[in-house]
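Here's a quick briefing to read alongside the structure. Have the sequence and the model open while you go through it.

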Amino acid sequence: MLKISEKTQHLKQSGIRNASTRCNEIGGINLGQGVCDIPIVKSIKQSACDAINNDKSLYSPCEGILELRQAVAKKLKSYNKISADPATEVVITHGSTGAFICAIMTLFNPGDEVILFEPFYGYHKNILNLHNIQVKSVPMSLDDLTFDPEDVRKAITPKTKGIVICTPCNPSGKVFTQQELQTLGEIAEKHDLAVITDEIYEYITYPGYTHVSPASLPIFKPRTITISGFSKTYNMTGWRLGYATGPQHIISKMALVQDLVYVCPNTPLQHAVLAAFDLPDSYFEEMKKTYHVKRDSVVNTLIELGFKPTVPQGAYYIMADFSKLKFKDDEQAAQSLLENSKVATVPGRSFFIDAKRGEKYIRVCYALNEQKINLAMQQLKVALA
Ligand SMILES: Cc1ncc(COP(=O)(O)O)c(C=O)c1O
C-alpha cells in the first residue's frame, strides 16, 4: 500500500465541502457553501467566447496578462485607495485561494505562527496547517463583532510572523473599521508581522458599514499582501481568477511560486474578465441591495425560528446560535436540518480550532438566488414548526 505524506495524512474534507456533497446527494438547497448561482452578466460571457474564438489559448506570463494587471491596478487605486505598479506589484492568480497559497509559501516557514480571528474561514487555517504553520486564534465576539486588541498582543510569541485579516469576514460578517485596522497596523508594525488581507467580499457591505482596505493605511502598506478576486463579485466561483498586490519583492516571488505550482492562471478567462471593469456603478449598487434584502429576510426567519443570528455587517454568511433549539450539537443540527428541511448549512466547528467553541452554531449562507432562499426559509419553517 502506498504511504501518504506526513503533510497530508490528517487532511479531511472541509466542513463546507462536506455540506455541499451531502446536499447534492439528496437534492437539497445549499445554504452551506458560498456559491451565488445568479448568471454572470452577458458582456463578460461574450468576452469569454471572444477570447476563445480569438485563440487566446496559450500560457500567459506567470504573473498574468499585463492588460488585466493594469485594470486591477486601476481598480485598486479608485476603489481600494491602494497604489500599485501593474508591472511589478500585481499578480493574477488561480482564484484568491491561489493568491493566499502563494503568499503564505512566499512569506512563512514551517514552524512559524500566524494569527487568525476566530471564527475563521476554514481554508485559511487548513492551508496554513498544510504548510506546517501554526495558527493562533484571537476571538471575535459573535455578540457584537468586536475584538480586544489585547488578545492580539497576547497571541504574539517570538514565532509569530503574520496575521490574516478577512474583511468583510467569512463567516462572522465582520467589517473592520479604519480605527480597528489602525490599531492592528500598529501591532503588526511593532512586532514586524506580515499582514495578509482577504478582501474577496469587498463589494458586499450593508448600510452603516464601509469597506476599508488595510493597505490603504500607510502603516500597513509596506507589510501587507492584499488579496481579492472575481468569484464573488461577478458570480464566477468556477472561473478561478483572483489577484494580489503588495511589495514588489513579495509579489514577484509569488509569481514564481505560481509558475511552479500551476504555471499561470487560465489565459482565455483572464482576457474575458477584462469586461468586468466596464460594468457601471449600478451593477455593484444593485448587488448590495439584493444581498441586503436577503440578509434581512434570513436573519428575521432565523430569529422567528428561535435562533440567535449574528447580523452580518458585510459578506453573505450568518453565524446562528441555536442554543434555544433542541439540537445536541452543531453536527447534529446541520444533519437534522438537512434531513428534515432539505437545507444544507455548515456545522460551526468548521470555523474554530476547538470544536467545542463552535458547537452551538451553524453557518447559513444566503448567496443563492432570492427564489431559492425564500424556498429554503419556507422549508426551515415547516421543519421546525
Ligand atoms: C474568505 C474567503 N476567501 C476566499 C474564498 C475563495 O475565493 P476564490 O474563489 O477567489 O478562491 C472564499 C470562498 O468562499 C472565502 O469565503
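**Strand pairing**

Let's start with strand 9 (residues 308–309) and strand 10, which run antiparallel and are joined by 2 bridges. Keep in mind that this is a predicted model: local features need pLDDT of at least 70, side-chain atom pairs count only at pLDDT 80 or more, and totals for chains, interfaces and linings use all residues. Residue numbers start from 1 along each chain as its sequence is written. Helices (H or I, at least four residues) and strands (E, at least two) are DSSP runs, numbered from the N terminus.

**The sheet**

- Strands of a sheet pair through backbone hydrogen bonds, either parallel or antiparallel.
- Here, 4 strands make up an open sheet in the order 9-10-13-12, with antiparallel pairing; two strands count as paired if DSSP finds at least two bridges between them.
- At the edges sit strand 9 and strand 12 (346–347), each pairing on one side only.
- Strand 10 is largely enclosed by the rest of the structure, because 4 of its 5 residues are buried. Buried means that 20 or more other C-beta atoms lie within 10 Å of a residue's own, exposed means 12 or fewer, and partly exposed is in between, with C-beta atoms placed from the backbone.

**The nonpolar core**

- In soluble globular proteins, nonpolar side chains tend to be buried together.
- The largest nonpolar core in this model has 110 residues, and those with the most contacts inside it are Ala103, Ile163, Ala244, Val273, Ala320 and Val364. A core of this kind is a set of buried Ala, Val, Leu, Ile, Met, Phe, Trp, Tyr and Cys residues joined through C-beta atoms within 7 Å.
- Helix 5 gives the most to this core, at 7 residues.
- Both domain 1 (6–40 + 281–383) and domain 2 (57–278) put at least three residues into this core.
- Valine 364 touches Leu31, Val298, Leu302, Ile318, Ala320 and Thr345, leaving out residues up to four places away in sequence. Contact here means C-beta atoms, placed from the backbone, within 7 Å.

**Two domains**

- The protein chain splits into domain 1 (6–40 + 281–383) and domain 2 (57–278), with bounds that come from an automatic or database domain assignment.
- Their C-alpha centres lie 24 Å apart.
- Where they meet, 31 residues of domain 1 are in contact with 31 residues of domain 2.
- On the domain 1 side, helix 2 (15–26), helix 11 (281–304) and strand 10 (317–321) each supply at least two residues.
- Helix 11 has the largest share of that side, with 6 residues.
- Sorted by class, that side has 18 nonpolar, 9 polar and 4 charged residues. Ala, Val, Leu, Ile, Met, Phe, Trp, Tyr, Cys and Pro count as nonpolar, Asp, Glu, Lys and Arg as charged, and the others, Gly among them, as polar.

**Around the ligand**

- The ligand is surrounded by 13 residues, and the closest are Gly95, Ser96, Thr97, Gly229 and Ser231. To count, a residue's C-beta atom, placed from the backbone, must lie within 6 Å of the molecule.
- Helix 5 (residues 95–107) gives the most to this shell, with 3 residues.
- The shell's residues are 3 nonpolar, 9 polar and 1 charged.

Note on methods:
Two residues are in contact if their C-beta atoms, placed from the backbone, lie within 7 Å.
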